[in-house]
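The sequence and structure are shown first.

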Amino acid sequence: MSPMRDRVRAILITDDGHLLTIKRIKPGQTPYWVLPGGGIEADDVSLEAALHRELREELAGEAAIHALVHILVTTRGREHFFLARIQQWNFANRTGPEFAETGRGQYVLQPIPLTTEGIGSITLQPPQIADFLHSCLAQAGDLFALPDLRTATARSL
């Protein structure tokens with residue numbers, strides 16, 4: 001069994017109100033979508049630093065982090081989902097090590113309308129984040145009104 005890992009993911013909102021996703025196309029599998037992010041490395045000084053590094057690697061991008069809005073705990077570890085506004089990116093200049101590995105399939109950057117219909121039109125993984133986003137959009141409509149769990153966690157200590 002692999003050890004539990006902490007990961008970071010970005011719910012990246014574009015200036016025109018889309019969710020920036022990565023469509024994964026692997027040989028012999030049905031395509032699915034993920035949010036940019038990845039594992040925390042030993043030299044990352046914080047979750048936010050890890051997310052900024054991942055965005056630079058995966059998107060050659062920079063984002064303004066707004067809030068930690070969801071933490072998903074599974075048997076494999078914890079995924080911290082940060083809501084952010086993407087300020088710039090250049091997918092052609094990505095540098096992540098996964099892009100050089102043969103057999104990993106394709107990575108296609110795809111903006112999705114930030115609506116319940118948009119989220120419902122793709123197979124976003126993990127399904128728990130798709131459910132979370134769908135629920136938030138259906139109830140409140142504005143993800144930026146969600147509480148910042150970093151503040152809530154600090155108050156409970």
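## Salt bridges and nonpolar cores

In this predicted model, R150 has a relative accessibility of 28% and counts as partly exposed. The salt-bridge partner of R150 is D148, with 2.7 Å between the closest N and O atoms. D148, by contrast, is buried, at a relative accessible area of 18%, because the limit for a buried residue is under 20%.

Elsewhere, salt bridges with shared partners connect E41, D44, R53, E54 and E57 in one network. In total, the structure contains eight salt bridges. Side chains of opposite charge can pair when their charged atoms come close.

E41 belongs to the loop between strand 4 (37-39) and helix 1 (47-59), and R53 to helix 1; the two residues are twelve residues apart, and the pair links distant parts of the chain.

A further bridge is formed by R78 and D6, whose closest N and O atoms are 2.7 Å apart. R78 is located in strand 6 (residues 77-88) and D6 in strand 1 (residues 5-13), so this pair ties together parts that are 72 residues apart in sequence. Both partners are partly exposed: R78 has a relative accessibility of 39%, and D6 has a relative accessible area of 26%.

| Pair | N to O distance |
|---|---|
| R78 and D6 | 2.7 Å |
| D148 and R150 | 2.7 Å |

Which residues touch the most other members of the largest nonpolar core? They are I11, I13, L19, L124, I129, L133 and L143, in a core of 23 residues. At least two residues of this core come from each of strand 1, strand 5 (62-74), strand 6 and helix 3 (127-139). Helix 3 contributes the most, with six residues. Another core lies apart from this one and has 19 residues, including A10, L20, A50 and L55. In soluble globular proteins, nonpolar side chains tend to be buried together.

The surroundings of I13 can be described residue by residue. With neighbours within four places in sequence left aside, I13 is in contact with H18, L19, L83, A84, R85, I86, L114, L143 and F144. Among these contacts, L19 and L143 are also named, together with I13, as residues that touch the most other members of the largest core.

How values were computed. Residues numbered from 1 in each chain as written. Predicted model: local features only at pLDDT ≥ 70, side-chain atom pairs only at ≥ 80, totals over all residues. Heavy atoms only, no water. Salt bridge = Lys/Arg side-chain N within 4 Å of Asp/Glu carboxyl O. Helix = DSSP H or I, 4+ residues; strand = E, 2+ residues; numbered from the N terminus. Buried < 20%, exposed > 50% of the residue type's maximum accessible area, 1.4 Å probe, protein only. Core = buried A, V, L, I, M, F, W, Y, C linked by side-chain atoms within 4.5 Å. Contact = heavy atoms within 4.5 Å.
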